[in-house]
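These are my notebook entries on a structure that I looked up. I set down each item in the order in which I examined it.

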Amino acid sequence: MNNMENPSLPGEQQSGATAKIGNENEVHQLPETLPLLPLRGVVLYPTIYLPLTIGQARSLRLIEDLTNQKQRLLALAASRDPSLEEPTEQDIHRIGVVARIQRLVRSPDGTMRLIIHGLERIVIDEFIASEPYLQVKASPNPDKVVGDVSEEALARASQDLFAQLIAVVPQLPDELESAARNARDYRQLVYLIASSVPLPLEEKQALLELDPLSEKLKRLNFLLTSEVEAREIAQHIQQEAQGEMQKAQRDYLLRKQMEAIQRELGQEDGQSAEIADYERRIAEAAMSEEATKEAQRELDRMRRMPIQAAEYSVIKTYLDWLLSLPWQSATSDNLDVRHARLVLDEDHYGLDEVKDRIIEFLAVRKLREDRREERDAAAQPGDQIRKEREGVILCFVGPPGVGKTSLGLSIAHAMGRKFIRLALGGIRDEAEIRGFRRTYIGSMPGRVIQSLRRVESRNPVFMLDEVDKLGRDFRGDPSSALLEVLDPEQNSEFRDHYLDVTFDLSQTFFITTANWLDPIPGPLRDRMEIIHIPSYTDEEKIQIAQRHLIPRQIRENGLRPDEISFSADALYHIVREYTREAGVRGLERQIGAACRKVATRIAAGELAADNGQVTVTPDGLADLLGKARFFDETHDWVTVPGVAVGLAWTPVGGQVLHIEATAMPGKGRLQLTGQLGEVMKESAMAALSYVRSVATEHAVPIGWFEEHDLHIHVPAGAQPKDGPSAGVAIATAILSLVTGRCAREGVAMTGEITLRGRVTRIGGVREKVLAAHRLGMTTVILPEHNRVDLEDVPDKVREQMNFIFTKRVEDVWSAALSPEIGPLPPPGLPAQMQDQSEDQSTVA
């Protein structure tokens, strides 16, 4: 580029026919009007020669008229849509080139072949005619050239990139590189490269329109860099593919030679040995008749297939899966009921109802086994024995941490079976259960078959954990796929999509777990026997901690039993002040934290290992576990009117709700906050309607509700709440607010309210009562129809609490509100705050 000079550009644009275009060697006067020839799929640049073939009638007419002129000048601009035969003015770019016809050749077929020389860039100012061809007014639009060092550097980079592209594109002749090196100026270099490189039409037009010249060079360098990288990658891929083909041909020839040598030596080749091994394994696998036929069919296909074929490894993987399943491998059941009871009592404290149901299940299974042996012994030859259903599917439902999964492990231990667990939480693809069809790359069986292969037994205790957390999307519904797995009438012929043969799951003891039943579809729920595992009482938690949690945490934290112990009072304080849960996971974490503190002191030398046992007492909890996390705040809540204590059920156990109501001057509107669901909002509206209907009976001034707005709030606003059982508590809070009667301390209530004031039955009584007991409540108000549900509450809890059963909401108010009716406080200002305000006014 050292021989390049700056281009000599035309001067400023002049009006009319006095405008000049071209360079120092060729100068033309730009006519006032120019015929326009639209270009399809190509862009002409200044200084560039372009061959064209003309065939359209109006284009031929344009060329015929130009042949009679001396200068033969015409305007050329690219069409926006190359598919248009006759583009209009809206379809043509406004930036084009004025060019001169250098050569014209007429063909016998009526077309004309031209060589066009681009002279200068122009801008189309106006379209003045469309017949017999397009004619425009145009003005010169020369490129802006600075001629500084940066342009020279960009131009040299363009030359080097163009040379690299020529080296990797066989279609570009080597002469183009020398032409680029010898370009007259930077502008000619840009247009020479742009016209030679295969670029999209939009990029070619953009290069023509860009200003100044340095921007053209930058854009061109970017396009050249992208094209060089793409071509080099394509060339590399082609070379690798060619190398792989050559290697495959070489391997094929060597393999054939090796086979010939092995035949001469009388040795068996590797493929034949592998197929013989599969034949032996199929004969020994004792598979079902259908599976054996399928395995033999796939083995025959494998025998006729070369070992290097892709399908060969697919068949081999399929046979490996088929032969590794436990078709006949099973463990012997231990159906001793006494042994099972001993194991369950040793592993779990309490849960008597659950244990009884499991013992019943084992007892029935034992009797069926005994009766089947007697029936088989008495059967005559030729008698058809009807196949019996193998039993039910158990579903353990309860809050987290109550021992659902460990119960399944204890059942497996009691029966002498192997145990396998499959977590279903978050599974959204149906193929995760039924398997992937072999048409897909990387296909494999579903998780049920995979788990059976892993456990190597056809009759394990199979726990499907978190069945209530299955998802569903466009890939299918896993819960529907589980219908076949968990149906005792169908799972004897379970067909996995990958295996495509039936596998008997009837010997497998399936147990599912869930935190709550609502997300489980009805058809799936109908196939299982639901066993509810309730929340633990405080006494049960202490017993579980002493029997199981403390020994396990001592062992896991490297301590000895004689180095640490927990008093019963300390465990009680941990349960009440450091955990508030239905299960015992949080309790175990706190015990583990205390053990780690002691282990750290022993390891640091602060406590001697032989210095005696460290006893954890209530006074030392703050030092080991930090400050208490939960407090009994009920007394602080109910000291003002407008507050009632309700009870709710959640998937993690019972919960105590402090329902607040306040009023302010307004127009009788009701506002509800605290993330309440639709059902709970309707209960609040029903409660308000009933309180308004009986307001005069409780000395509420007439028109009070029309003159005030009510706001009902249920704290813990970050947690969604729903259900009808808070109706009586909301009605009590409203009546407490408007009458000034405070709720009695230690009283909690639950029940659904109707518009006629009836209190109807609710669910989750045990969990709600245990939640009230954990929070220190002494009295619980329940609907009359829930009296029978009190049997589910542990005896110790029933002895420590008072229960009031009601049929109408007036009975609830009599039991829950104090009889004294104080003066009605100002709206939004509780009674005690009113007293403080009066005192302050007096002092002032």
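This is a predicted model: local features need pLDDT of at least 70, side-chain atom pairs count only at pLDDT 80 or more; totals for chains, interfaces and linings use all residues.

Residues are numbered from 1 along each chain as its sequence is written, and side-chain values use heavy atoms, without hydrogens and water.

**Entry: aromatic pairs.** I searched the whole structure and recorded eight aromatic pairs (rings of Phe, Tyr and Trp, the last by its six-membered ring, with centres within 6.5 Å; planes under 30 degrees apart are stacked, over 60 edge-to-face, the rest tilted). One of them joins Y690 and W813, a tilted pair at 6.1 Å centre to centre with 35 degrees between the planes. Y690 belongs to helix α22 and W813 to helix α26 (residues 809-816), so this pair ties together parts 123 residues apart in sequence. I take helices as DSSP runs of H or I with at least four residues and strands as runs of E with at least two, numbered from the N terminus. Y690 and W813 are both buried. W704 and F705 form an edge-to-face pair, 5.2 Å centre to centre and 85 degrees between the planes.

**Entry: charges over rings.** I noted R438 over the face of Y318, 3.8 Å from the ring centre (the criterion is NZ of Lys or CZ of Arg within 6 Å of the ring centre and within 35 degrees of the ring normal). The charged end of R453 sits over the ring of W321, at 4.0 Å from its centre.

I then looked up positive phi values. E466, not a glycine, has a phi of about 60 degrees and is placed in the loop between β11 (461-465) and α15 (478-485). E466 is partly exposed, at 30% relative accessible area. A699, also not a glycine, has phi near 60 degrees and lies in the loop between α22 (678-693) and β21 (708-713). A699 is exposed, at 65% relative accessibility.

Notes. Buried means under 20% relative accessible area, exposed over 50%, partly exposed in between (1.4 Å probe, protein chains only).
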